[in-house]
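Dear colleague,

Please find below the structure that I am handing over to you. My notes on it follow.

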Amino acid sequence: MLTTIHPKLKPIRDKVEARQRLSLDDGLLLYDAEVPLNDVGQLANVARERINGNAAYYNINTHLNPTNVCIYRCTFCAFRANLRDPQGFLMSDQQILDRGREALDNGCTELHIVGGLHHQKPYNWYVNVVRILHEAYPDLQLKAWTGVEINWFEFLAKKSVRQVLEDLIDAGLGSMPGGGAEIFHPEVRDKICEHKADATKWLDIHRTAHELGLRTNCTMLYGHVENAYHRIDHLIRLRELQDQTGGFQTFIPLAFHPENTGLAHIKKASSLMDLRTVAVSRLMLDNIPHIKAYWISLGVGTAQVALSYGADDIDGTVRHELIYHGAGSTSPEVLSVDRIRHLIEETGREPVERDTLYRQVIRDADNPAEWTIGEPVTGQSD
Ligand code: V47
């Protein structure tokens, strides 16, 4: 299949061709500086096209961060604020509903909802964010609250994870985003976010979500104090849970943006490192159907190239993103549908609009704000 490849990569090429699982050592080798990025990318592209053909997925979505006030102080975060900080905010129910209305008016199928862990807001306030939006706009898919937030709700409500998730599903939760995973290994986690849900907790929350029928995403924050071993360890822990539940839809490698954070002295990872991490993720996570090149984090150009380095999804049009823009991202605030489709077409891929659950979205040609949901797109193979 791939005839010209760096000699060190030949055993991995053979495994990829035979559809065999890659080991921890294989993963470390893929990060070896002597191994050319393009060779790793080519291998990842084989795996990508085997799972997703030539399709490149996107959705039409809007972000909602109901508050940035947070009891935690993760060193990598530029978004959080203290309770009495002038830049701290807390949205009213009306502002939250207005965001939902705006999303629908812009043709969105999804609202991506995450925020801070506010010192004074009770459990019901968070459940209510989901409930009022779902009652007002039942067609809008609510992808809400990370595993870290669910862990906070457990504490606030004195309920089990299962009970918390059941309350949220009853209120209208449709799926969960992948944030809060950061790096699982305690050598790193204890340095960047020692206080929040540890690896076992985060994974258990997603396991319970999957058992309740929710589909969730997963992430990895890289380019700070971790090394290749920590990254591969992280990917393998996700792969092991996926073997058990099959509930992860997409993995999103998140490039650390240092500005305005407690780690501002660290230089942002290069595009080469970004592309290598996308490719390694595709190769290691053989059981997760989608790899997302989040253009807000990677930048539009690198996200385009990533579609040939293992990624098959570019995230959404996005509106009101605060986490990355607060940490120095120079990506646009929003991409129009025409622009996102054009960006994908320029790479030779076929743009496919999906909803949160990776079902094809079919737009009414005369009125694009109207849509129907088609078949699931996942699982194409050669
Ligand atoms: O958990 C926070 C990361 C995550 C910074 O599920 C930072 O579809 C870089 O999870 N530099 C939240 N990263 C975002 C997230 C996400 C994004 C897009 C799609 C989906 C999905 C999920 O952002 C946090 C953390 O890992 N983050 N601060 C920073 N300064």
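In these notes, contact, or touching, means heavy atoms within 4.5 Å. The model is a predicted one: local features need pLDDT of at least 70, side-chain atom pairs count only at pLDDT 80 or more, and totals for chains, interfaces and linings use all residues. Residues are numbered from 1 along each chain as its sequence is written, and side-chain values use heavy atoms, with hydrogens and water left out.

I begin with T250 and its strand. Helices (H or I, at least four residues) and strands (E, at least two) are DSSP runs, numbered from the N terminus. T250 belongs to strand β7, residues 248-255. Buried means under 20% relative accessible area, exposed over 50%, and partly exposed in between (1.4 Å probe, protein chains only). With a relative accessible area of 1%, T250 is buried. Leaving aside residues up to four places away in sequence, T250 touches T216, N217, C218, I288, H290, I291, K292 and Y358. Its side chain also reaches the backbone oxygen of H290 at 3.2 Å.

Two strands pair if DSSP finds at least two bridges between them. Strand β6 (residues 215-222) pairs with β7 in the parallel sense over six bridges, and L221 stands opposite L254 in β7. Between β6 and β7 the chain passes through helix α10 (residues 228-245), a right-handed β-α-β crossover; right-handed here means that, with the strands pointing away from the viewer, the path from the first strand over the helix to the second runs clockwise. Strand β8 (residues 290-291) runs parallel to β7 and is joined to it by two bridges; there, I291 is the bridge partner of F251.

Helix α10 also holds H230. H230 is buried, at a relative accessible area of 5%, and it touches I183, H185, E187 and V188, not counting residues up to four places away in sequence.

Two further helices deserve a note. The expected span of a helix is 1.5 Å times one less than its number of residues. Helix α3 (residues 37-52) has 16 residues and should span 22 Å, which agrees with its end C-alpha atoms being 22 Å apart. Because 13 of its 16 residues are buried, α3 is largely enclosed by the rest of the structure. G53 follows α3 and has a positive phi, near 55°. Helix α11 (residues 271-284) reaches 20 Å from its first C-alpha to its last, close to the 20 Å expected for its 14 residues. Twelve of these 14 residues are buried, among them M273, L275 and R282. S271, also in α11, is partly exposed, with a relative accessible area of 37%. The C-alpha atoms of S271 and L298 are separated by 7.6 Å, although the two are 27 residues apart along the chain.

Lastly, the nonpolar cores. A nonpolar core is a set of buried Ala, Val, Leu, Ile, Met, Phe, Trp, Tyr and Cys residues joined through side-chain atoms within 4.5 Å. The largest has 119 residues, of which L133, W145 and I150 touch the most other members. Helix α5 (residues 123-136) gives the most to this core, with eight residues. A second, separate core of five residues includes A55, Y57, V352 and V377.

With kind regards

Conventions
Polar contact = N/O pair within 3.5 Å; in protein donor to acceptor, adjacent residues only side chain to side chain.
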